[in-house]
Amino acid sequence: MAASFRADGQPGGPRPRQLIITIYGLYARDEPNWLSIASLVRLMADLGVDGQAVRSSVARLKRRGLLIGRHQSGTAGYALSPTSLEVLREGDVRIFGQHRAAAGGGWVLVVFSVPESERDQRHKLRSWLSRLGFGTVAPGVWVAPGHLAGEVTEVLARRNLSGYVDIFRADHLGFPDLAVRVGQWWDLGRLSDEYEQFIRGYRPLAKRIGGPALPGQDAFREYVSMLVAWQRLPYLDPGLPLELLPEHWNGITAGTIFAEINDHLGRQAMRHAESVISGA
C-alpha cells in the first residue's frame, strides 16, 4: 500500500511542510506563482492533513524564507520565494530525468580543505555534496559520475561555497576494480533497501492503474504520495553506471514503477488540483 499521511510528521508519512512545497511545485509554481491559503488547505485535506497543521507549517515555511505572503484580488495566499523556485528547478532534472551514466563517462572529483575556524562551511559543503549524491573517496575528496560536473559547479557557486573547492574531471585508472571502489564510495546496500521499500510500497499501485481510472481525489492522493516517496531516491543514487552496480539492480525496477505512475496519474492529479484551486 502507498505511504500514509500523518499531520504530526511522525514516521508513517511525510511532514506537512514537505507536502506543501510539493503541492506548490506541482500546481502553483508557474505564473502567477501563487496559491490561496484556502486552496492549499483543501488540497492538504485530501492528503489527510488538517487545516491547523497546514497553517502552522506555512508559518514555519514563511519564517524560513521559503514562502512569501501575498494577497491577490483581496485573497490571502502565498508564493514560492526565489530560493524555493531555484531548489525546485534544480530538483526537476533529478526527479523526473532519471539519467543513468555510462561506465566510460568519466567522473567529477570535488576536493576541499576548510579551516577549522570555518567548520560551518565544511558542514554545508558535505551536506550539499551528499544531497547531490556524491560518494566519499577520502576525507575532503568526493566523487560522482561525470554528468554531474555542471550541476555541482552551479550549486556550490550559488551557495557561495565555490571558494573552498577544486573540481576536476577524472578517469579511474586503478586499483582495484572500479566496481569494487563504487561499492566502497557509496552505501549500495542502503540504497538497494531504499529502492526495495519504494517497490513494495508502489508496485501494487502501478498494477492498479492499468484498470479502471481512479477518482480524481484518489489519483491526487496516490500521485503526491508516490512523488514524495520517490523524490529523495535520485539524490541517493546519482545515476551510477549500471555496469558497476550489483547484478539485477533494483533501482531499474523502481524507476520503471515511478515512470508508469507518473505517466498514468500525473495528469489526473493535475486536473483534480486545478478543480480544487478554481473552486476554492
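Me: What am I looking at, and how are residues numbered?
Reply: It's a predicted model, so to speak of a local feature pLDDT must be at least 70 and side-chain atom pairs count only at pLDDT 80 or more, while totals for chains, interfaces and linings use all residues. Numbering starts from 1 along each chain as its sequence is written, and side-chain values use heavy atoms, with hydrogens and water left out.

Me: OK, how many helices and strands does the chain have?
Reply: There are 11 helices and 7 strands. Both are DSSP runs numbered from the N terminus: helices are H or I with at least four residues, strands are E with at least two.

Me: And how compact is the chain?
Reply: Its radius of gyration is 20 Å, close to the 19 Å from the globule rule for 280 residues, so the chain is as compact as a globular protein of that length. That radius is taken over C-alpha atoms, and the rule is 2.2 Å times the number of residues to the power 0.38. The C-alpha atoms fill a box of roughly 60 × 50 × 30 Å along the principal axes.

Me: How much of the chain is buried?
Reply: Buried residues make up 46% of the 280. Buried means under 20% relative accessible area, exposed means over 50%, and partly exposed is in between (1.4 Å probe, protein chains only).

Me: Switching to α1, what does that helix look like?
Reply: Helix α1 covers residues 16-27, 12 residues in total, and reaches 16 Å from its first C-alpha to its last. That is close to the expected 16 Å at 1.5 Å a residue, where the expected span is 1.5 Å times one less than the number of residues.

Me: Is α1 mostly covered or mostly open?
Reply: Mostly covered, with 9 of its 12 residues buried. Among them are Leu19, Ile20, Ile21 and Tyr24.

Me: Now salt bridges. How many are there?
Reply: The structure holds 13. Each is a side-chain nitrogen of Lys or Arg within 4 Å of a carboxyl oxygen of Asp or Glu.

Me: Which residue does glutamate 90 bridge to, and where do the two sit?
Reply: Glutamate 90 pairs with arginine 159, with the closest N and O atoms 3.4 Å apart. The pair links distant parts of the chain, 69 residues apart: glutamate 90 is in helix α4 (residues 82-97), and arginine 159 is in the loop between α6 (149-158) and β7 (165-170). Both glutamate 90 and arginine 159 are buried.

Me: What about aspartate 237 and arginine 100?
Reply: Their side chains meet in a salt bridge at 3.3 Å, N to O. Those two are 137 residues apart, with aspartate 237 in the loop between α10 (233-236) and α11 (250-279) and arginine 100 in the loop between α4 and β4 (107-112). Aspartate 237 is buried at 4% relative accessible area, whereas arginine 100 is partly exposed at 29%.

Me: How far apart are arginine 158 and glutamate 154 in helix α6?
Reply: They're separated by about one helical turn, because they are 4 residues apart in that helix. Arginine 158 and glutamate 154 also form a salt bridge, with the closest N and O atoms 3.7 Å apart.

Me: Which residues does the salt-bridge network link?
Reply: Glu86, Glu90, Glu154, Arg158 and Arg159.
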